[in-house]
Amino acid sequence: MRQDAYDLMTSTGSHEACRAFENAVYGLATHRPSTGIALSAALAADPDHVAAHALKGFANLILARAELKPVAAGALADAARALTRRDGGTRDEQVLVAALEEACAGAFHAAVSVLETGFADRPATFLPFKIAHALRFMTGDRAGMLASARRAAGAAPQNGPATGFIQGCLAFALEEAGHYDDALKAGERAVSLQPDDSWGLHAVSHVHEMRADTQRGIDWLEDSRGAWSRCNNFSFHMAWHLALLHLERGDHARVLELYDDEVRPQQTDDFRDMANAVSLLWRLNRMGVHVGRRWEELSAVARGRQTDTTLIFAALHTLAALVAIGDQQAAQALVVEIEAKALGSDDQARVASEIGIPLARMLAGMGAPADRQMLDRMMLNLPKIGGSNAQRDFFILALAQALGQTGDHVGLSHVGMVRGSLKREDRLLRSIRRAAQMQPSA
């Protein structure tokens, strides 16, 4: 039995595998493109490295692509076999595998529960904490994310190798809960402890964005380029935040430049990259900015994903792209897929039922909420689709526009009020309000 640098107890006897796995965990924390290579190195040195198989499984599930579900299931089977060959492995390994089994079944909430119960006496053990943090992020569990981050931060050693990363997660959880002063302090502390903590850098940029402190946000991101530009596609997301800050300042030329060079430099079909691109082009269109042929590149990706409802957050961005390119047939087909998803029994089926269907119908042009009760339910359930407040703001703005176009001034005012509890009113919402004033009242 071996305890690695991040406090995980493993059954590996290979020093080389242990070091490679620590590099993979570091890569996970820093969003480095070398993470997969390090994970492969760990498994090459020890084919029965249980935690490496488990991490491979979670990494594939978090990508939220239908074709990767069998890959994750294969990693789970490999982890289970490795446990057997290691006479049951360590308790830490057993917990990771049990959590992966739940996650592979589509039960992310249950997977989090397994992880947090299994590591209740060691909440700062980094890998299970980080996986639970990521799963909570994807399921919109803001309260659980904050409670978990506070426990981990309270238990973390003062200068441990993961302490800065845990502080970065705490900063993000605080920001998502609207505790901006505390988030700023935690994020700055995270970066001082671990300059490569792009999640902490990211949390601070969120604070500046939500406060509409655009110049401080731009300066923060530009000054930290040396860290986040070395990330994997998370660097595209950081550039997306930078573009949003410039959009608020009205510098549309800079936004388009960032889009081409840093937000969408590669034509990937990763749902996170698509979310960045779709939501930014949508905003530009609503502000009257001509985006040229940029939607066309996204259209092929959207059509290729029009039946994938693995993650409702991703499916809704795909739907928005299909609507933007005018492919109503594909858009309607995806709405039907989301409706069918809602008939299932896993976590995402419930998300589809509670918020996915009404949002999909609204995005597809099938009407805004018909009454206050429906609107209140949509606003209450919106966090369940996952992502951050900044990412979900796209859906709030789309909802505001739909209400404005139908002349529902009261509903639009209500959405603006709810939005204002987290984010200061900005140029785009003001333009939606102005356009709504020209519509007759519903």
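# Notebook: helices, cavities and cysteines in a predicted model

**Entry 1. Ile355.** I started with Ile355, which lies in helix H20, residues 347–363. The model is predicted, and I read every value below with that in mind. Ile355 counts as buried because its relative accessibility is 0%, and the cut-off for buried is under 20%.

**Entry 2. The largest pocket.** Next I looked at open space. The largest pocket holds about 1100 Å³. I noted 41 lining residues, and the closest to the pocket centre are Leu28, His31, Ile62, Asn232 and Arg272. Several helices give two or more residues each to this lining: H1 (15–30), H2 (35–45), H3 (50–62), H7 (126–139), H11 (198–210), H14 (234–248) and H16 (271–286). I then sorted the lining of the largest pocket by class and got 19 nonpolar, 15 polar and 7 charged residues.

**Entry 3. Helix H3.** H3 is among the helices that give two or more residues to the pocket lining, and I checked its geometry. At 1.5 Å a residue, its 13 residues should span 18 Å; I found 19 Å between the end C-alpha atoms, so the two agree. H3 is mostly covered, with 11 of its 13 residues buried. I listed the buried ones as Val50, Ala51, Ala52, His53, Ala54, Leu55, Gly57, Phe58, Asn60, Leu61 and Ile62. Ile62 is also one of the residues closest to the centre of the largest pocket. Just after H3 I noted Ala64, with a positive phi of about 55 degrees.

**Entry 4. Helix H16.** H16 is mostly covered, with 13 of its 16 residues buried. Gly288 follows H16 and has a positive phi, near 80 degrees.

**Entry 5. The largest cavity.** How many cavities of 30 Å³ or more does the search give? The count comes to 4. The largest cavity holds about 190 Å³. It is lined by 18 residues, and those nearest its centre are Leu244, Glu248, Arg283, Lys423 and Asp426. The elements that give two or more residues to this lining are H11, H14, H22 (389–405) and H24 (427–437). H14 supplies the largest share, 4 residues. By class I recorded 7 nonpolar, 2 polar and 9 charged residues in the lining of the largest cavity.

**Entry 6. The second largest cavity.** The second largest cavity holds about 110 Å³. I found 13 lining residues, of which Ala64, Phe271, Arg305, Ala314 and Thr318 lie nearest the centre. The lining of the second largest cavity divides into 7 nonpolar, 2 polar and 4 charged residues.

**Entry 7. Arg305.** I followed up Arg305, one of the residues nearest the centre of the second largest cavity. Arg305 lies in the loop between H17 (294–304) and H18. Is Arg305 buried or exposed? Its relative accessible area is 13%, so Arg305 is buried. I looked for a side-chain partner and found Asp269: a polar contact of 3.0 Å joins the side chains of Arg305 and Asp269.

**Entry 8. Cysteines.** I searched the whole structure for disulfides and found 0. I then looked at Cys231. Cys231 is buried, with a relative accessible area of 8%. I checked Cys104 as well, and it counts as partly exposed because its relative accessibility is 28%.

Terms used:
Residues are numbered from 1 along each chain as its sequence is written. This is a predicted model: local features need pLDDT of at least 70, side-chain atom pairs count only at pLDDT 80 or more; totals for chains, interfaces and linings use all residues. Side-chain values use heavy atoms; hydrogens and water are left out. On a 1 Å grid over the protein atoms alone, a cavity is a set of points where a 1.4 Å probe fits but cannot get out, and a pocket is an open set with protein on both sides within 12 Å along at least five of seven lines; lining residues have an atom within 4 Å of a point. Grid points are joined across faces, edges and corners, and a volume is the space filled by probe spheres set on the points. Ala, Val, Leu, Ile, Met, Phe, Trp, Tyr, Cys and Pro count as nonpolar, Asp, Glu, Lys and Arg as charged, and the others, Gly among them, as polar. Buried means under 20% relative accessible area, exposed over 50%, partly exposed in between (1.4 Å probe, protein chains only). A disulfide is a pair of cysteine sulfur atoms within 2.5 Å. A polar contact is a pair of N or O atoms within 3.5 Å; within protein, one must be able to donate a hydrogen and the other to accept it, and residues adjacent in sequence count only if both atoms are side-chain atoms. The expected span of a helix is 1.5 Å times one less than its number of residues.
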